[in-house]
Amino acid sequence: MTDPAAPLGPLVPGSSLDGAPPVPGGEYIRERFKGDRGDLRYPPLPEPLAVAVYDNHTHLEIADGEQPLTLAEQLDRAEAVGVRGVIQVGGDVESSRWSADAAERDERVLAAVAIHPNEAPGYEAAGTLDEALAIIDELAARPRVRAVGETGLDFFRTEDDGRPAQHRSFEAHIEIAKRHGIALQIHDRDAHDAVLETLERVGAPETTVFHCFSGDAEMARFCAPRGYYLSFAGNVTFKNAQRLRDALLAAPRDRILIETDAPFLTPEPTRGRPNAPYLIPNTLRFMAGVLGEDADVLAADIAANTVRAYGEWARA
């Protein structure tokens, strides 16, 4: 999760409170803090894509909006506009279990599991980081868990005293991804050099994805020969995000992915309202415009990249 102005509310009824999987019928784990965010209506459905794609990173365990959408409603809306499936991403033990369970319930979902870098210091202070990492390791063995993430480093939210725990957690997640032969999804905020140094020092997994890529064109060119995937979110559409558009132009076409990071980072023209996987077409069409490419061609490229990174969604 990357939105600095989007704190989460408390656990909501219907979720587990002790690390167990959600109770039957529980749709959410947390709710997004509403505060004075303004218009909390979900945006209208965009025109469907002619070529289906996937949302590479979303958080559907978080309730948002005036009328939160259930998991099935989210996936149905996405499918209706050409978003064939999602990677549902965990950030702590509870949301990782929820994500893995969701992937087993619905064929349109694959899961990523991890301890978010901003959560790692809390686990470390409580003396439970190793236990939490062991649970992530167990979850990563499930067949529909296809990534370890989101993990990485975040020097925006975490002070210096919490960084050793972030580093230890990040390196442990890298090893978990390697051990299970699945992708690594990286959260990198104000920590580009440290993240890249860590990958160089310990060795990146074969499939490494920078979720909500926030670097510049120079970083994109650094990632290219290493085969890292760069996943672009709705913030690439923001007026002040020319750096991201330059990075998109510098990225190899076969390493571009797309995501929502829902419920955060809603793309223009409905920035500020709740985000959802069904809004992927708005971001994709914008990216196609930046690249001077036909949207159908870009969608086909991104879909192929996504399947190469995570495998097929359909059960064998």
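## Asp-39 and other salt bridges

Asp-39 is partly exposed in this predicted model. Its relative accessible area is 27%. Asp-39 forms a salt bridge with Arg-41, and the closest N and O atoms are 2.7 Å apart. Arg-41 is partly exposed too, at 47% relative accessible area. Across the whole structure, a search finds 22 salt bridges. Side chains of opposite charge can pair when their charged atoms come close.

One network of salt bridges links Asp-76, Glu-79, Asp-106 and Arg-108.

## Salt bridges across the sequence

Glu-104 and Arg-142 join through their side chains in a salt bridge, 3.3 Å from N to O. Glu-104 belongs to helix H2 (residues 93-105), while Arg-142 is in the loop between H4 and E7, so this pair ties together parts 38 residues apart in sequence. Glu-104 is partly exposed, with a relative accessible area of 42%. For Arg-142 the value is 25%, which is also partly exposed.

Asp-130 and Arg-168 form another salt bridge, at 2.7 Å from N to O. This pair links distant parts of the chain. Asp-130 sits in helix H4 and Arg-168 in helix H5, 38 residues apart. Arg-168 is partly exposed, with 33% relative accessible area.

## Aromatic pairs

The model has 4 aromatic pairs. Phe-210 and Phe-213 have ring centres 6.2 Å apart and planes at 85 degrees, so they are edge-to-face. The cut-off for that class is over 60 degrees. Phe-210 has a relative accessibility of 1%, so it counts as buried. Phe-213 is buried as well, at 2% relative accessible area.

## Charges over rings

Two arginines lie over aromatic rings. The charged end of Arg-226 sits over the ring of Phe-222, 3.7 Å from its centre. Arg-255 lies over the face of Tyr-229, and the distance to the ring centre is 4.4 Å.

## Nonpolar cores

In soluble globular proteins, nonpolar side chains tend to be buried together. Here the largest nonpolar core has 79 residues. Leu-199, Phe-210, Phe-232 and Met-287 have the most contacts inside it. Helix H4 (residues 129-139) gives the most to this core, with 6 residues. A second, separate core has 14 residues, including Tyr-54, Ala-112, Ala-147 and Ala-303.

What does Phe-232 contact, leaving aside its neighbours within four places in sequence? Its contacts are Phe-213, Leu-244, Ala-247, Leu-248, Ile-256, Leu-257, Ile-258, Glu-259 and Met-287. Met-287 is listed with Phe-232 among the residues with the most contacts inside the largest core.

## Helix H6

Helix H6 covers residues 192-202. Ala-194, Val-195, Leu-196, Thr-198 and Leu-199 are buried in this helix.

Gly-203 follows H6. The phi of Gly-203 is positive, near 90 degrees.

Definitions and conventions:
Residues numbered from 1 in each chain as written. Predicted model: local features only at pLDDT ≥ 70, side-chain atom pairs only at ≥ 80, totals over all residues. Heavy atoms only, no water. Phe/Tyr/Trp six-rings, centres within 6.5 Å; stacked < 30°, edge-to-face > 60°. Buried < 20%, exposed > 50% of the residue type's maximum accessible area, 1.4 Å probe, protein only. Lys NZ or Arg CZ within 6 Å of the ring centre and 35° of its normal. Core = buried A, V, L, I, M, F, W, Y, C linked by side-chain atoms within 4.5 Å. Helix = DSSP H or I, 4+ residues; strand = E, 2+ residues; numbered from the N terminus. Contact = heavy atoms within 4.5 Å. Salt bridge = Lys/Arg side-chain N within 4 Å of Asp/Glu carboxyl O.
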